[in-house]
Amino acid sequence: MDLNKLSFSFLFSVLLISPAGAFPLQEKPGEEKKQLSLYAADNEKNCLVCHSKLVYTITDTVSGVTMKRMMSEQNVINPDIFYNSVHWSFNCLDCHAEGFKSFPHPLEARFEIGWNCLDCHGNDPNYAQYKFEEIDAEYHRSIHYTATEGMFTCWDCHNAHYYNPLARQDSSSRDQIFKSNEMCLRCHGNRDIMGMISDKGLDKVLPKHEWLPNVERHLEAVRCIDCHTRMTDSVLVAHEIVPADSAVKNCTDCHNKNSILMGTLYKYVSKENRDEKGFVNGVIFNNDSYVIGANHSKFITLTGKIVIGMTLAFALVHIIFRMIIKPIKRYNE
Amino acid sequence: MSKNFYHYPVWVRLWHVMNAILCLFLIVTGFSMLYSNPDNGLVVGFKRAVSIHNVSGILLTVSYTLFLFGNLFTANGKHYLVAMKGTGKRLWQQGYYYVYGYFKGQKAPYPVDGEHKFNPLQQVSYVGVMYLILPMLFITGWAMMFPEFILKKFLRFSGIFLTDQFHVILGFLVVIFLFIHLYVSTMGKSALSNFRSIITGWQESH
């Protein structure tokens, strides 16, 4: 977090910024074209004239010296992605401090208290379906909140400039898993970042998964949060990250029995298969949602075996008596 | 002197053979799905078992629908109408006959005649299987193919898990029914007479 502030300080200490080396704003057909034209017409969004670049040119108005500088990567916004995000219609200053309107950006602006999701979406019936309040409650119970004394915010995982819930629906489950895990690995897969965030020592904060059978396959096919959160049935994506020693380590929690995750995955894969390949190919002949061992309940299968065994035993005893009685019957007749 | 009664018209025999074949496929593949593991695919292997199970289940739904229509619009339906009055007594008499009277050489309490092709125990068990267990198997089986209609959670259980386990329990009941059905079929006039009946259509009284 301190690093973030440092990079902000550097960025906003420049005297004058002029466009150079911006993200290429390519012409796209249809809706994208409309969005790009809006970008050009919107003066307030001229922040992106500089903040869409990896390289910018600064000029000292007193000495006239001009030089090129690299923009800190986290302060660069890709307009193409931003204008396809859910927050695309907002002006920069709707969320950022008014002070950023002027150049150079004043020191006070850098002390802005950033909005979080609840500030806009909390207790709003229009967003009730997303259950932001429950997500917030889960976050406050999560290790991310309790272990960082609230330093951790929504934006450390979610990018407000790029957030797009529809992308989740449109992409394949593999892509979704990759994107979800990318969010965690941005910090947890980076020894440098974790080393700076925590003073517990890398061996305690970096993920360890050697105990998992088929580690690579698991990490490709399972989201980190599937094991590292406390799952509930009410929130779509669980946000209560649990301490590492409370994470799921029991195979049958996912691969067997009464698991909500199992049910949710079954439904998702089944529907995805059907939508992609149709009912015949996706459900009848190539039903990937049904995994081996999924319905194996020891109690029910054992009870079934016992009852079937007793039925056969009864039939066997009956047939033995019939064989004994048959000659007697014949004799009597 | 035994009499013969034409109790199994062509459509019943065709339906019965289709029903039997599909049920066998479903039971074998069902067990394969339940007990196979990556190293041991049992009879057909897990993946193939799922496909065969799905196809057989769909075909059985079709054949069951034909059976329902047949029972609605032909005289065969009357054999599945259970007279509630005195049912307990009739079931007891038939059960007593199977476990005791049969060996004592007593006469069957409810022999086959022109009006009755099932004895009370057969009638109640067939009605239970055809009008209760099979429809529930179809509902749970189709639900597993359209799982978005299944409740996410019921009480403290996953809806998918409950539906799946219910389907398995019903499957076990059908297996038990099949064994009893096959065994009781050997208790006709001779051990094979009832099997001949379902092929020729003519049932022999005993």
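Predicted model: local features only at pLDDT ≥ 70, side-chain atom pairs only at ≥ 80, totals over all residues.
Local features need pLDDT of at least 70 and side-chain atom pairs count only at pLDDT 80 or more, while totals for chains, interfaces and linings use all residues. Residues are numbered from 1 along each chain as its sequence is written, and chains are lettered from A in the order in which they are written.

**View 1. Helix 4 and helix 5 of chain B pack at an angle of about 150 degrees.** Axes are lines fitted to C-alpha atoms over the stretch in contact, and angles run from 0 to 180 degrees between N-to-C directions. The two helices of chain B are therefore roughly antiparallel, a term for angles over 145 degrees.

**View 2. Residues of helix 4 of chain B meet residues of helix 5 of chain B.** Among those in helix 4 are B:Gln122, B:Val129, B:Ile133 and B:Met144. Helix 5 contributes residues including B:Thr163, B:His167, B:Leu170 and B:Val184. By class, this contact has 12 nonpolar, 7 polar and 1 charged residues. Ala, Val, Leu, Ile, Met, Phe, Trp, Tyr, Cys and Pro count as nonpolar, Asp, Glu, Lys and Arg as charged, and the others, Gly among them, as polar.

**View 3. Chain B touches chain A.** Here 31 residues of chain B are in contact with 33 residues of chain A (C-beta atoms, placed from the backbone, within 7 Å). Helix 2 (46-73), strand 3 (157-158) and helix 5 of chain B each give two or more residues to this side of chain B. The largest share, 13 residues, comes from helix 5. By class, the side of chain B that touches chain A has 19 nonpolar, 8 polar and 4 charged residues.

**View 4. The largest nonpolar core has 9 residues in all.** A:Tyr290 belongs to this core, as do residues of chain B including B:Met33, B:Phe46 and B:Phe172. Such a core is a set of buried Ala, Val, Leu, Ile, Met, Phe, Trp, Tyr and Cys residues joined through C-beta atoms within 7 Å; buried residues have 20 or more other C-beta atoms within 10 Å of their own. Helix 2 of chain B gives the largest share, 4 residues. Leaving aside neighbours within four places in sequence, B:Phe172 is in contact with A:Gly304, A:Val307 and A:Ile308.

Conventions:
Parallel < 35°, antiparallel > 145°, perpendicular 65-115°, else oblique. Contact = placed C-beta atoms within 7 Å. Buried ≥ 20, exposed ≤ 12 C-beta atoms within 10 Å, placed from the backbone.
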